[in-house]
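Me: Could you walk me through the salt bridges and one of the helices in this structure?

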Amino acid sequence: MKSRFAIQSLYQDHKTWLANWFRRRVSSSDQPMDLVQDTFLRVLASERADEIDNPRAYLTVVARQLLIDRRRHRAC
């Protein structure tokens, strides 16, 4: 069971950092916050969200996977 406080804290502590991470990787200025939201939706859906030891590393992996999925989808 994911702790609502843990997810909320993770979001508050890392949303700006993650948005900046996305800004360096996408061309559109309005996409980063959408991608942040999508990343955290994946974190919420994860069964391992309570086991995150290194949040930025975990978020980076999820964010990269999200970008790969979006690029694959656009290529179809």
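This is a predicted model: local features need pLDDT of at least 70, side-chain atom pairs count only at pLDDT 80 or more; totals for chains, interfaces and linings use all residues.

Me: How many salt bridges does the count come to?
Reply: The count comes to 2 salt bridges, taking a salt bridge as a side-chain nitrogen of Lys or Arg within 4 Å of a carboxyl oxygen of Asp or Glu.

Me: Which side chain does R70 meet in a salt bridge?
Reply: R70 pairs with D38, at 2.3 Å from N to O. R70 sits in helix α3 (residues 55–75) and D38 in helix α2 (residues 31–45), 32 residues apart, helices being DSSP runs of H or I with at least four residues, numbered from the N terminus.

Me: And what does D69 bridge to?
Reply: D69 forms a salt bridge with R42, with the closest N and O atoms 2.9 Å apart. D69 lies in helix α3 and R42 in helix α2, so this pair ties together parts 27 residues apart in sequence.

Me: Switching topic, which residues of α3 are buried?
Reply: Y58, L59, T60, V62, A63, L66 and L67 are buried in α3, where buried means under 20% relative accessible area, exposed over 50% and partly exposed in between (1.4 Å probe, protein chains only). The cover over these buried residues includes α1 (4–23) and α2.

Me: Is D69 itself buried or partly exposed?
Reply: D69 is partly exposed, at 34% relative accessibility.

Definitions and conventions: Residues are numbered from 1 along each chain as its sequence is written. Side-chain values use heavy atoms; hydrogens and water are left out. Helices (H or I, at least four residues) and strands (E, at least two) are DSSP runs, numbered from the N terminus. Contact means heavy atoms within 4.5 Å.
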